[in-house]
Amino acid sequence: MQAISNLISKLDPELVKKYNLTEIYQQVLADPDIKQFLQENQTKITAEMINKSLPSLYEYYTSKQRKDPVTNGYRPELFINNQAIDLRYVPEASKLARDRVANTKKHLQLIKLPEALHDVRLSQAEMTQGRSQVMALIQQFLAKYAQDIHQKGLYLSGDFGVGKTYILAGLANQVAAMDQQVVFLHLPAFIASLSSHFEDNSLQSEIDRVAQCDLLILDDIGAETLSQWSRDDVLGVILQARMDNVLPTFFSSNMAMDDLEEHFKETKNAIDPVKAARLMERVRTLATEVVVSGKNRRR
């Protein structure tokens, strides 16, 4: 690597004289990052190239000294472009991380659930004996899902507070990070809120949004209060559409599947075992039951 003074001496004398650049470019060419770039590419760089590229080198040097709102989140990078040293701006690692988080949030819709679930990652879930099976099955699902989105989901049953919702939040964020549209809803609150859609005639679009998303998670199924209408014309329609289109659907419940069928039999005004069995057939087609056990973490 030539000394900086030698490089300066080879610059265009008229350019140096006109702008009195010697002192400025001594600082520029003495910058550690610029020196390293010139050193790494010394077989490709000539004094003429440096001469021609001084504006780019100067911009690179000054961009490191000040924060520009226009390039916030980007860092300057030198590269050889034909017979010149050019400058480009590339995203910083922190910006890439922020963009990934923003993109994941954009693809995950939480309905009647805490916004904090946007921040849950599967890697954060504590691995316990009671969770080992479900975590293994979720990893298997994700591996297959990356190849084919038409996969069977899981039905997480277990006591209160064992982490079913937390685990499913981690799954939801991981699938959302794949640019897939995920809807994660608390079923009892969702059912209770449906009447609000009558006023603006948005009920059908709300049902379609849930029925057609890439991945659906129904949290706390079995805790809702059902009418014949909400059971047959809302939940039944959603599950039928997902079954017909082989769209992955996950559930969490404090009830085992057999107990859930008993729950579906009785609505406010009637007992109908046939419709309950029909609804449970859809649940069983869409998901495989797995028990999650452990201590109650809410206490």
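Visitor: Is Arg 75 buried, exposed or partly exposed?
Guide: Arg 75 counts as partly exposed, at 39% relative accessibility. Keep in mind that this is a predicted model.

Visitor: Which side chain does Arg 75 meet in a salt bridge?
Guide: That of Glu 77. The N to O distance is 3.6 Å.

Visitor: And how accessible is Glu 77?
Guide: Glu 77 has 22% relative accessibility, so it counts as partly exposed.

Visitor: New topic. How many salt bridges does the structure hold?
Guide: Ten.

Visitor: Which residues are linked in a network of salt bridges?
Guide: Asp 31, Asp 33 and Lys 64 are linked that way.

Visitor: Take Asp 31 and Lys 64. How far apart are the closest N and O atoms?
Guide: They are 3.0 Å apart in that salt bridge. Asp 31 sits in the loop between helix 3 and helix 4, and Lys 64 in helix 5, so the pair ties together parts 33 residues apart in sequence.

Visitor: What about Lys 64 and Asp 33?
Guide: They form a salt bridge too, with the closest N and O atoms 2.5 Å apart. Here helix 5, with Lys 64, is tied to helix 4, with Asp 33. Those parts are 31 residues apart in sequence.

Visitor: Is Asp 31 buried or exposed?
Guide: Asp 31 is buried, with a relative accessible area of 6%. The cut-off for buried is under 20%.

Definitions and conventions
Residues are numbered from 1 along each chain as its sequence is written. This is a predicted model: local features need pLDDT of at least 70, side-chain atom pairs count only at pLDDT 80 or more; totals for chains, interfaces and linings use all residues. Side-chain values use heavy atoms; hydrogens and water are left out. A salt bridge is a side-chain nitrogen of Lys or Arg within 4 Å of a carboxyl oxygen of Asp or Glu. Helices (H or I, at least four residues) and strands (E, at least two) are DSSP runs, numbered from the N terminus. Buried means under 20% relative accessible area, exposed over 50%, partly exposed in between (1.4 Å probe, protein chains only).
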